[in-house]
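Let us walk through a protein model step by step. Keep the sequence and the 3D view side by side as you read.

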Amino acid sequence: MDSALSDPHNGSAETGGAANGTTRPPSTPEGIALAYGSLLLMALLPIFFGALRSVRCARGKNASDMPETITSRDAARFPIIASCTLLGLYLFFKIFSQEYINLLLSMYFFVLGILALSHTISPFMNKFFPANFPNRQYQLLFTQGSGENKEEIVNYEFDTKDLVCLALSSIVGVWYLLRKHWIANNLFGLAFSLNGVELLHLNNVSTGCILLGGLFIYDVFWVFGTNVMVTVAKSFEAPIKLVFPQDLLEKGLEADNFAMLGLGDVVIPGIFIALLLRFDISLKKNTHTYFYTSFAAYIFGLGLTIFIMHIFKHAQPALLYLVPACIGFPVLVALAKGEVTEMFSYEESNPKDPAAVTESKEATEASASKGLEKKEK
């Protein structure tokens, strides 16, 4: 997981020179400001809309849109898994040909990107279809075993409108595959980020603190302690980062001097912010205090990251600044409002967990039986 914010022009990536070895002309202050501002905006959009969609996702009953719940055990293991993956990619790029590795990765992310972008634009595209559009329902179902032992492997429901969105997303996918254009990269990156914030749910605030704390150490170590993360970010030709050219004003859409932001810096704080939005709703006070507080904290943290990076001319581990802000600000608000206990006792069950489903059914049946007993009395 790439989660460093870097600026190639300022020396954090080797792509600052032109392909023929000549020195790249310095970016203008306007171009740098435009690049940083655009990265900030692109980071905020999937967090805001992904958080809103996560609420509907948590309430939904469609099996294809069920969220994946992250437990405290998952959160504790994640930095270790991410470190092994990052180091493995680094070694692959050192040992094998970068060209062939990126070809395989391009095909892999081509398929994932199309699916993610299709899922992202589907709600917006539905508004443009006419009322008499012939929309048919489909279900893709794979099961394992038979009879009572039958287990669902894949259960995906879709319709004709989804197929249209898939076709449109495929156009972007072909564009990315053939040109590797930065706009196509960002479309896929935004889709991955929004889907991550929407579909990855933390089960409670404590789990969020474990995840963010672990990745805080991960980010600082791999950016400041080694050159591994920056090397992988430069070598990895896949939409796992948001990029924006600092020389856009000079070269237009063919600009190639990019500032970049890893998707980890968007998705990881984003799923914590989305959790706080769902916590706000659970309080039933018709306010989104914790969501807006954490959202403002994210803006502050990422803005501080950009400022520090610009001053010191070195890639920065964005989570170094984002984690204290995104955890600290909401906790301070909770202390001020006397709601720390409520915040840390808030719990979300995993809708895919059979035990959780059984407990929910038992609770519903118990409630119903109590209601019947009261009526009989």
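**Salt bridges and the core**

Start with K251 and D256, whose side chains meet in a salt bridge, 3.4 Å from N to O. A salt bridge here is a side-chain nitrogen of Lys or Arg within 4 Å of a carboxyl oxygen of Asp or Glu. D256 is partly exposed, at 37% relative accessible area.

A word on the source. This is a predicted model, in which local features need pLDDT of at least 70 and side-chain atom pairs count only at pLDDT 80 or more, while totals for chains, interfaces and linings use all residues. Residues are numbered from 1 along each chain as its sequence is written, and side-chain values use heavy atoms, with hydrogens and water left out.

Back to K251. K251 also forms a salt bridge with D247, and the closest N and O atoms are 3.9 Å apart. Is D247 buried or exposed? D247 counts as buried, at 6% relative accessibility. K251 counts as partly exposed, at 41%.

Now move along the chain. The side chains of K285 and E339 meet in a salt bridge, 2.3 Å from N to O. K285 lies in the loop between α9 and α10, and E339 in the loop between α11 (319–337) and α12 (340–345), so the pair ties together parts that are 54 residues apart in sequence. Helices (H or I, at least four residues) are DSSP runs, numbered from the N terminus. K285 is partly exposed, at 44% relative accessible area. E339 is buried, at 5%. A search of the whole structure finds 8 salt bridges.

Look next at helix α10, residues 289–312. α10 has 24 residues and reaches 34 Å from its first C-alpha to its last, close to the 34 Å expected. The expected span is 1.5 Å times one less than the number of residues. After α10 comes K313, with a positive phi near 55°.

Finally, turn to the nonpolar core. Such a core is a set of buried Ala, Val, Leu, Ile, Met, Phe, Trp, Tyr and Cys residues joined through side-chain atoms within 4.5 Å. The largest one has 81 residues, and F236 and Y298 have the most contacts inside it. Helix α9 (residues 264–283) gives the most to this core, with 11 residues.

How values were computed:
Buried means under 20% relative accessible area, exposed over 50%, partly exposed in between (1.4 Å probe, protein chains only). Helices (H or I, at least four residues) and strands (E, at least two) are DSSP runs, numbered from the N terminus.
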